[in-house]
Amino acid sequence: MSLLELFIIAVGLSADAFAVSVCKGLATHDLKLKHLLLAGAYFGGFQALMPLLGFFLGSSFAGFIDKYDHFVVFILLGFIGGHMVFEAFHEEGEVNASFDVGTMLLLAIATSIDALAVGVSFAFMSVAIVPAISLIGATTFVLSAIGIKVGHLFGSKYQTPAEVIGGLALIAIGIKVLIQGLLG
């Protein structure tokens, strides 16, 4: 997998965290640097941790389904991406302005569940996991911090496009992996 493809996956996985960060920024009246850093650390940390866990889970049974791994990757990324696009248009919720541990932990877990499945697909594709999770975590950190600022400045008008673009990027990569697996 190329660095560009990994970056596209990182941006796609970051879309949920970015969208939640935009909402948090919108709800935060007295924005401080610590809010940007907290959002980045929570969301980036969990977006790095979950694919690592998924990678170890996937590695334990990847050998059994080597012949079909491209279908598994396609289904996982297609489902995750499709779900992100669906949620972009159907999920309405209010995010509270709190940055306490409990609130941020729940949000970080909720926005990184899809990264667990991506980690499983990484195991089937034999992706170098440390550089991959480092890029995912760093990208999510930066985009989450930017999301807080964007939300504070502009409101929630970028939430839906971010989720749609992220979801479509994951679907496109899933299709590419499927085509490569079928042809090669």
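I began just after H4, where Ser 126 takes a positive phi of about 55 degrees. Helices here are DSSP runs of H or I, at least four residues, numbered from the N terminus. My source is a predicted model, where local features need pLDDT of at least 70, side-chain atom pairs count only at pLDDT 80 or more, and totals for chains, interfaces and linings use all residues. Residues are numbered from 1 along each chain as its sequence is written, and side-chain values use heavy atoms, leaving out hydrogens and water.

Next I checked the bend in H4: about 40 degrees at Ser 112. That is the angle between axes fitted to the seven residues ending there and the seven starting there.

Then I looked for cores, meaning sets of buried Ala, Val, Leu, Ile, Met, Phe, Trp, Tyr and Cys residues joined through side-chain atoms within 4.5 Å. Buried is under 20% relative accessible area, exposed over 50%, partly exposed in between (1.4 Å probe, protein chains only). The largest nonpolar core has 26 residues, and Ile 9, Leu 13, Val 118 and Phe 122 have the most contacts inside it. H4 gives the most to this core, seven residues. I also found a second, separate core of 14 residues, with Tyr 42 and Phe 99 among them.

Last, salt bridges (a side-chain nitrogen of Lys or Arg within 4 Å of a carboxyl oxygen of Asp or Glu). I noted Lys 176 with Glu 5, closest N and O atoms 2.3 Å apart. Lys 176 lies in helix H6 and Glu 5 in helix H1, so the pair ties together parts 171 residues apart in sequence. Glu 5 counts as buried at 14% relative accessibility.

Conventions. Helix = DSSP H or I, 4+ residues; strand = E, 2+ residues; numbered from the N terminus.
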